[in-house]
Amino acid sequence: MQKISIVYITLNEERNIGRSLEVTSLLTDDIVVLDSGSTDRTEEICRSYPNVSFHSTVWKGYSETKNQANTLAKYDYILSLDADEIPSKELIKSIREKLVNNNLEGAYYMNRLTNYCGSWIRHCGWYPDSKIRLWNRNEGKWDGDLHEKIVFSVLTNISFLKGDILHYSYYNVNEHLKQFDRYTTIGAQIAFEKGKKASVGKLIFSAPVKFFKDYIIKLGFLDGYAGFQVSKMSAFASYLKYAKLRDLHRLQKSQEK
């Protein structure tokens, strides 16, 4: 029977990590948690599971920290999860079938279903949100500063696994606001470093276009009020990224004078 390691990176995840470990502990005898300075009960919760090895590090960015965590795993095949993610029953069954039949090869992507403030979002462009999360660490590594992804160093066959990663994203709107404020700051900085600019047109029209696309074209209205809220917040985030990008260029010009 083949075996996999399950790998997490964490920071103050006492609210989520136990729920995820309850499920993933059924899949492997090797779970790695690499923590970046939690001050809550994250470490205590993780160490209460006998198959979890808990490690600490300084934060190096998403990709570099995840790659470091993968080096601590016992097995070459990695299932990478966030603390607020849980494999569904169907996904666990799909993975187990591969392990029992010893036919785990290449890499695997799966769908991610997000729970937003208590509601499952199946539209708005949030689903199926396919992610490669199961692969051989010798064949690929994480890359990217914001929306990191697996980049393979060899030709790798990528297959689909049935079942969802259940993602418990935001418990309230305030959490969403804090998160996209941070993400739009990072996104604007990345765009600025690449020499991109935000025209007045993008600043004015990016939000309404984004809302129309997510709420109407991508059927966000079928998710009820939660779909409206997600579409509205995504639209605001689009505007905010361009506004922050313009601020960076304005600051640069003022410093050059």
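1. Let's start with a term: a residue is called buried when its relative accessible area is under 20%, exposed when over 50%, and partly exposed in between (1.4 Å probe, protein chains only). By that rule Arg133 is buried, because its relative accessible area is 5%. Please keep in mind that this is a predicted model, where local features need pLDDT of at least 70, side-chain atom pairs count only at pLDDT 80 or more, and totals for chains, interfaces and linings use all residues. Residues are numbered from 1 along each chain as its sequence is written, and side-chain values use heavy atoms, with hydrogens and water left out.

2. Next, the charged pairs. Side chains of opposite charge can pair when their charged atoms come close. A salt bridge here is a side-chain nitrogen of Lys or Arg within 4 Å of a carboxyl oxygen of Asp or Glu. The whole structure holds 14 of them.

3. Look at Arg133 again: its salt bridge partner is Glu85, with the closest N and O atoms 2.7 Å apart. Arg133 sits in strand E8 and Glu85 in strand E5 (residues 85–87), so this pair ties together parts 48 residues apart in sequence. Helices (H or I, at least four residues) and strands (E, at least two) are DSSP runs, numbered from the N terminus. Glu85 is buried too, at 0% relative accessible area. Both belong to a network of salt bridges that also links Arg112, Asp129 and Lys131.

4. Another pair to find is Asp76 with Arg137, whose closest N and O atoms are 3.1 Å apart. Asp76 is in the loop between helix H3 (62–71) and strand E4 (77–80), while Arg137 is in the loop between strands E8 (131–136) and E9 (140–143), 61 residues apart. Asp76 is partly exposed at 33%, whereas Arg137 counts as buried at 19%.

5. Helices are joined as well. Lys244 and Asp181 meet in a salt bridge (2.7 Å, N to O). Lys244 lies in helix H7 (residues 224–256) and Asp181 in helix H5 (residues 173–193), so parts 63 residues apart in sequence are tied together.

6. Now a glycine. Gly106 lies in the loop between helix H4 (89–100) and strand E6 (107–116), and is buried at 14% relative accessible area. Leaving aside residues up to four places away in sequence, Gly106 touches Tyr77, Trp135, Asn136, Glu139, Thr156 and Asn157; contact means heavy atoms within 4.5 Å.
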